[in-house]
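Q: Hi! Could you walk me through this one?
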Amino acid sequence: MKKAGILNRHLSGALAELGHGHGVLVCDAGMPIPAGPRVVDLAFRAGVPSFAEVLDGLLDELVVEGATAAQEVRGANPEATALLEARFPDLDLVSHEKLKDLSAGARLIVRTGEARPYANVLLRCGVFF
């Protein structure tokens, strides 16, 4: 048994399959899930687990070279805005509709229990060397 890091076997296995340039969408409970990408649904109850908890857990295990979020987050969700801007100084903002379109090309979607609007980010995997 693993003693640290992500313990969910489905998520841990999916992360191990990622490579440079692959997309990982971390999303709230309300984000439409497109057909195609692998999905690990962590949602248990409204707010559990939170977007922040899942994002920080993923950032502990992934090399991320870029991130894209919906510009609507700025007006609708100050907590998610602060979190995203703190984690990604070069955060790329697009319309929510564009983010939904981009999510169809993600390799992995991780659904959280987050119940606040626009708590979504598309991560672009990098390499550690």
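This is a predicted model: local features need pLDDT of at least 70, side-chain atom pairs count only at pLDDT 80 or more; totals for chains, interfaces and linings use all residues.

Q: Good. How many helices and strands does the protein chain have, and in what pattern?
A: The protein chain has five helices and six strands, arranged along the sequence as α-β-β-α-β-α-α-β-α-β-β. The radius of gyration is 13 Å, close to the 14 Å that the globule rule gives for 129 residues, so the protein chain is as compact as a globular protein of that length. On terms: helices (H or I, at least four residues) and strands (E, at least two) are DSSP runs numbered from the N terminus, while the radius of gyration is taken over C-alpha atoms and the globule rule is 2.2 Å times the number of residues to the power 0.38.

Q: And what box do the C-alpha atoms fill?
A: Roughly 40 × 35 × 30 Å, taken along the principal axes.

Q: What percentage of the residues count as buried?
A: The figure is 43% of the 129 residues. Buried means under 20% relative accessible area, exposed over 50%, and partly exposed in between, with a 1.4 Å probe and protein chains only.

Q: What share of the contacts comes from residues 24 or more positions apart?
A: They account for 85% of the contacts with a separation of 6 or more, where contact means heavy atoms within 4.5 Å.

Q: Let's switch to helix 5. Which of its residues are buried?
A: Helix 5 spans residues 96-103, and its buried residues are His-96, Leu-99 and Ser-103. Seen down the helix axis, they fall within an arc of 55 degrees, so they line one face of helix 5. That arc is of the directions from the helix axis to the C-beta atoms.

Q: What covers them?
A: The cover includes strand 1 (23-27), strand 3 (64-70), strand 4 (92-94), strand 5 (108-111) and strand 6 (121-125).

Q: What does His-96 touch?
A: Not counting residues up to four places away in sequence, His-96 touches Met-31, Ala-70, Glu-72, Tyr-118 and Asn-120. Its relative accessible area is 15%.

Q: Tyr-118, then: where is it found?
A: Tyr-118 is in the loop between strand 5 and strand 6, and counts as partly exposed at 26% relative accessibility. Tyr-118 also has a positive phi of about 60 degrees although it is not a glycine.

Q: What about Pro-117, which residues does it touch?
A: Pro-117 lies in the loop between strand 5 and strand 6 too. Leaving out residues up to four places away in sequence, Pro-117 touches Asp-28, Ala-76 and Asn-77. Its relative accessible area of 40% makes Pro-117 partly exposed.

Q: New topic: is Leu-58 buried or exposed?
A: Leu-58 is buried, at 0% relative accessibility. This residue lies in helix 2 (residues 51-61). Beyond its neighbours within four places in sequence, Leu-58 is in contact with Ile-6, Leu-11, Leu-15, Val-26 and Val-110.

Q: Last one: which residues does the cis peptide bond join?
A: Val-48 and Pro-49, with omega about -10 degrees. Pro-49 lies in the loop between strand 2 (38-41) and helix 2.

Methods:
Residues are numbered from 1 along each chain as its sequence is written. Side-chain values use heavy atoms; hydrogens and water are left out.
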